[in-house]
Amino acid sequence: ASFTISLQKADNTTVTIKLKPGLQANCRIRMKYVIMSELKIKPGDNVTFTFTCGTPEKYFITEIQKNIDCVSGPCPFGDVHLYPPGLPRLNRTYIWDVKASTKAGLELKFSTSWLRQIEPGETCPDAVSYNINSSIDNATVNIGTFCRNGSVSRVKLLGGVVMSLHLPWHLPLTTSGFNIASRASIKRLCIIESVLKRESSITLMSPNYPLGFPEDELMTWQFVIPPNLRASVFFHNYSLSNCERKEERVEYYIPGSPSNPEVFKLSDSQPANIAGTFNMSLQGCDQDAQNPGILRLLFQVVVQHPQIDENVTHLVDLSKEKNMTVTIHLEGWPNRTPLMSEPICLICKDPRTCDRALTLTSGAVYRISFLCKDLSQLRITAEKGIGCMDIRWCQKKIYSLSVPKAITRLPIRLHKFNWKLLATDMINVEITSPSLKLQQHVPEQRCNTSYSYSIVSATPETELNIGVFCPGGSIEKIQMRNNITISLRTFGKGFINESNPQDLKMSFVPHIKDECIFTVSPNPKAKVYLQTPNSPYALPPYVSISWFIVVLPKQTAHLRFSKDRMGIACETGRAFVNIKEETPGAEEIVRREDELLPQPRNMLHSFWVNVSNCRPVDKTQLTLQFWVTLADKQLDLGIIFAVVAGAGVLTVIGLTVCCVKKKKKKNQNPMVGVYNDNVNTQMPGRKGSFRKGRQNNESHVYAVIDDAVVYGHLLKESNGSVSPEVDVYRPFDGPIGSMPPSPPPFSFRKDIKRSSNLEEEPLPLMDIDQDNYTFAHQKSGQSEDNGDANKKDKEDTGTPLLENKERDGLVE
């Protein structure tokens, strides 16, 4: 098909058809006998042409530029049409370059669909986009890129305008969607009007975003809000330039406010819950010439109906708390950023200071309210610090690790409460749960409560995840080294009821040898699963963990490991499992990493289980699990019969002795003793088993005479203290009930059954224009003046913003 384009000189329009950037000329333009890859049609030209391919839209684009002079002649007010007609179906870009005086700003008014600003790089769903630039002298400022179907109804700009409209080839659009409404003097870069008629959320950006707002400029956004709705402003992304004079700030003109304009820093929480129409202005500063920096702003305005409970306040008394912060936030914060279209939940510490997240600190009393349709979207995260730098001052103190009632009384679900327990190297932390006790969360015995505790120990060398615990188990006490973080996490809505009363206590204790010591009191006939910390990432190298299992006198404990071997190979040092009962002379059971773990066994007394790690070779990790069950001791019937029989024999002997004594008592004649040296004093009878008596055999002769026998008198002088000078493995024989049977240092560790040589362990605001700017909306039934303004433009004398409302045409 052939195309004919005829341009009138008076239209001052140029049409250019050219290849898309980066494409090869597989398709050409043919005009008579000339084939070309680009065609430029100037004002006054009449051109007929064809394409050498059937799908030119794949290769070519069209640019139509119209120059409009509003300086030397009258402005063509009214709708801007798409000209010329009859263009080929290609992707089109219409450009209107309107020249105007800086003393007479131009107002662009958009059709009923209005516009929605988008970020650089974002595309419009229908591929129709507008780009608005302000042209002042030789400088161009990009006001922004917009899609259709938004809230931006009008834009007023200082000086000239360069307006671009991008249309896809398949869309037969015949109108531009905007008109040049009027000329009016303004004393700022631009004014953008946004009309929000219903609950909605919009995003806007400062000009030249993200490259930087022009130096020492001022611009205004006007938000038209129905009186039955409320608006809130949120800054999502901003940066500041380096100011030499003045100060960058945001000003709000809110009808009914006692302090208009209200001035805020960009880092402040912006006004919320605003009733009715309001203006927001961004003011730049004089920047440092050597290092100007960048002033930019991306913000969101959310409009919603007033909430029923917005006047309901909740008292949060943190006046008696120390080192504590409480943050109320949206679920998923801070990792999850809510979508702009999502219903918003706001937390307010006064009617106009609201945000998606609010942090409260200890030592104060707050009255907060919520602007939220669904409070179940909100969560509470709190943190409290407890420290001890001198054990003499804090050893006897017992701290309750419970959630304050000021938090549990709020209608918001507690997500997490962290206790940061800080101590010096020689001070450790002891956690107890006297009545509820704790259960370790393991795959075979999972926690099914509404909350749990996660415990992490952080030493200078390593961070050790002690594990996850919940109430209702057998662990009475946990002792840990160095700084500890205990995190209470909730699951579901039952925390308030299940956690009353909370039973976790904490105290600071002197230094312990192991990284962690558990004290466990199993319930009778209950199977208690215990697991090494840091699971599933395994025990760190050279870490020693101990469990003290309490067994009552009338009970027997059955101990069993979940696997036969430790499952590691040591690169340096040795790994050990030590088991020993708390009774004098008890045998200590020791197994190395290359040996089988102890077989299931019954323990008649309280006992220790210790696991000490080496430095494993690559890809081998030490993770051990064992379980303990308690049962009542069973008495042996044979022993019972023997005891009864023995008691009977003793009774008979007792009666016999008693009778003999009575008979002797009757015959109490005095006895006369006479010595006879001829009588044989040896008792007659059978000869002994040994034919030789002691006086005849050599049983009393010493084969080796001990030094202690020969030098006995010297030992007495030295109080009998002899210290061996040979290093040998000594089984655990320490104080009962105080320390676990930790293995000896790595340099002295040897097998009980055989010796082996081991490696040693390596060890104020400036004045600016104060004018209130608002678009002059025409009253019902009044016609709009599209003619040129005949009044003389006033000079910009730096009059405050609030005194020049009518000059910018922003108020009725």
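## Aromatic pairs

In this predicted model, the count of aromatic pairs comes to 23. One of these pairs is formed by F110 and F178, whose ring centres lie 6.3 Å apart. Their planes stand at 50 degrees to each other, so the pair is tilted. F110 belongs to strand β10 (residues 105–110) and F178 to strand β16 (residues 175–184), so this contact ties together parts that are 68 residues apart in sequence.

F518 and W547 are both buried. Beyond these pairs, one aromatic cluster is formed by W221, F223, F235, Y252, F264, F278 and F299.

## Disulfides

A disulfide is a covalent bond between the sulfur atoms of two cysteines. The whole structure holds 9 disulfides. One of them joins C27 to C53, with a distance of 2.0 Å from S to S. This link of C27 and C53 is left-handed, with -90 degrees about the S-S bond. It connects distant parts of the chain, 26 residues apart: C27 sits in the loop between β2 (13–19) and β3 (29–31), and C53 in the loop between β6 (46–51) and β7 (60–69). C27 has a relative accessible area of 0% and is therefore buried.

Another disulfide joins C243 to C285, again described by an S to S distance of 2.0 Å. The torsion about the S-S bond of C243 and C285 is about -85 degrees, so this disulfide is left-handed. The pair links distant parts of the chain, 42 residues apart, with C243 in strand β21 (residues 243–245) and C285 in the loop between β25 (278–283) and β26 (286–287). C243 is partly exposed because its relative accessible area is 34%, whereas C285, at 1%, is buried.

C348 and C354 also form a disulfide, and their sulfur atoms are 2.0 Å apart. Because the torsion about the S-S bond of C348 and C354 is about 105 degrees, this disulfide is right-handed. C348 counts as buried at 1% relative accessibility, and C354 counts as buried at 2%.

## The second largest cavity

By residue type, the lining of the second largest cavity divides into 5 nonpolar, 3 polar and 1 charged.

## The chain as a whole

The chain contains 6 helices and 54 strands. Of its 812 residues, 46% count as buried. Among the buried residues are C190, with a relative accessibility of 0%, and C516, also with a relative accessible area of 0%. The accessible surface of the chain comes to about 44500 Å², and 52% of that surface belongs to carbon and sulfur atoms.

Notes. Residues are numbered from 1 along each chain as its sequence is written. This is a predicted model: local features need pLDDT of at least 70, side-chain atom pairs count only at pLDDT 80 or more; totals for chains, interfaces and linings use all residues. Side-chain values use heavy atoms; hydrogens and water are left out. Helices (H or I, at least four residues) and strands (E, at least two) are DSSP runs, numbered from the N terminus. Buried means under 20% relative accessible area, exposed over 50%, partly exposed in between (1.4 Å probe, protein chains only). Accessible areas come from the Shrake-Rupley method with a 1.4 Å probe; for residues, only the protein chains shown count as cover. A disulfide is a pair of cysteine sulfur atoms within 2.5 Å. Ala, Val, Leu, Ile, Met, Phe, Trp, Tyr, Cys and Pro count as nonpolar, Asp, Glu, Lys and Arg as charged, and the others, Gly among them, as polar. Rings of Phe, Tyr and Trp (its six-membered ring) pair if their centres lie within 6.5 Å; planes under 30 degrees apart count as stacked, over 60 as edge-to-face and the rest as tilted.
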